Amino acid sequence: MSTFKAPKGTYDLLPPDSAKFLAVREAIAAPLRNSGYGYIETPGFENVELFARGVGESTDIVTKEMYVFETKGGDRLALRPETTAPVLRAVLEANLHKAGNLPVKVWYSGSQYRYERPQKGRYRHFSQVGAEAIGTEDPALDAELIILADQSYRALGLSDFRILLNSLGDQECRPVYRDALQDFLRGLDLDEETLRRAEINPLRVLDDKRPDVQKQLTGAPLLRDYLCDACKAYHEEVRELITAAGVVFEDDPKLVRGLDYYTRTTFEFVHDGLGSQSAVGGGGRYDGLSEMIGGPSLPSVGWALGIDRTVLALEAEGIELDIPSATSVFAVPLGEEARRILFAKVTELRKNGVAADFSYGGKGLKAAMKAANRSGARYALVLGERDLAEGVVQLKDMESGEQAAIGVNEIVAELESRLGRRIFG
Ligand code: ATP
Ligand code: MG
């Protein structure tokens, strides 16, 4: 072991388990690519002000969780704690919203950094796949995103999750509700920090996880009862569209999001096998964010799904993903000359799209066959002294144990034909 360990609150993704991680990322990304979302990648750090303004000065993310540092050039940067604000920044900077093709639909995948108290499912470095549809107000777009997230989870085989849905209102009706909620909160027996929060961002008090606070919140006014007609109609349309798509959801009138810029549609995916870190993903409409970071009015909607927690959800449901073995053919040379010949064949197989690996380090037959087994390859190619003399190689089917001698020059064609269905199917 080296003297160094992964930093607190982080962990390494290692093979073979890391394949599960990639499969989850792919399962979430595939429906997006299939629905007009283009890939976007932004830097892992941004000007700290982007998050202060775009995520909100009063949020936990900005006040407690950001990794902020100053560069040698004097810039104040932060490792990204989330990627919605960076994506919008990038879209505005490149003027994608002016290309006359709204909504701008993009998806991303990558590392997020939050200085949190590490627990199972809560890390200081984690990964998300996210999707954003920027510049259009249309309940079908909100519905599309919820349906696609649901489709991803179902494709992974998950079923023990719930979709919680709410509307946060808009500039017209939310302030009225905010005042009513504030009045209510002022009458409660809350600690000082929570009272302060109630003055700055009262909706977030509803999100307080402590049971004693939750108890006092029974009877709090609900946004549902304050929605203006436009918000009500919009929300009803979203509900109808996702219902028609067969997506089951629960109305959760107390659902609020930690981020200030959310308006109208807000939702969370929770998994019931994860204990207290139950949110696997969340999102909603953020019509106010663009203006908050100096852009024009660009009503938008998006979500971010946590890959780490989705992997934990798979484990909680006992789901084994069907991940095909990465290697199809494993070559075992015995002796120097065999080594040169088989290495060339492996290179040729790879060029032809056959996943092949090689026994390195001059291993003997026994150790090399063990490595072949471990690779998960369907076929092993063994080339020994006698085979060399005869111009053949032993092709072993690792599943059935059957072995046949084939001509060295037939290796590529034979394996392509045997694996054909697996490669191209
Ligand atoms: P929580 O309420 O659990 O703190 P959040 O509201 O901070 O979640 P979002 O900012 O909405 O989470 O991020 C979307 C998703 O990213 C979450 O649903 C979760 O799956 C994942 N996520 C957020 N924070 C972490 C973390 N510290 N470690 C692992 N995954 C995380
Ligand atoms: Mg959080």
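Mentor: R264 and D170 form a salt bridge, with their closest N and O atoms 3.6 Å apart. This is a predicted model. The pair links distant parts of the chain, 94 residues apart. R264 sits in strand β9 (residues 263-271). D170 sits in the loop between β7 (161-167) and α6 (174-186). Buried here means under 20% relative accessible area. R264 has 8%, so R264 is buried. D170 has 17% and also counts as buried.

Now take R204 and D60. Their side chains meet in a salt bridge at 3.3 Å, N to O. This pair also links distant parts of the chain, 144 residues apart. R204 lies in the loop between α7 (192-200) and α8 (211-216). D60 belongs to helix α3 (residues 60-65). R204 is buried, at 7% relative accessible area. D60, at 26%, counts as partly exposed. The pair is also part of a network: salt bridges with shared partners join D60, K64, E193, R197 and R204.

Next comes E315 with K20. Their salt bridge has its closest N and O atoms 3.0 Å apart. E315 lies in helix α11 (residues 307-316) and K20 in helix α1 (residues 18-33), so the bridge ties together parts that are 295 residues apart in sequence. E315 has 43% relative accessibility and counts as partly exposed.

These pairs are examples. The structure holds 33 salt bridges.

Definitions and conventions
Residues are numbered from 1 along each chain as its sequence is written. Chains are lettered from A and ligands numbered from 1 in the order in which they are written. This is a predicted model: local features need pLDDT of at least 70, side-chain atom pairs count only at pLDDT 80 or more; totals for chains, interfaces and linings use all residues. Side-chain values use heavy atoms; hydrogens and water are left out. A salt bridge is a side-chain nitrogen of Lys or Arg within 4 Å of a carboxyl oxygen of Asp or Glu. Helices (H or I, at least four residues) and strands (E, at least two) are DSSP runs, numbered from the N terminus. Buried means under 20% relative accessible area, exposed over 50%, partly exposed in between (1.4 Å probe, protein chains only).
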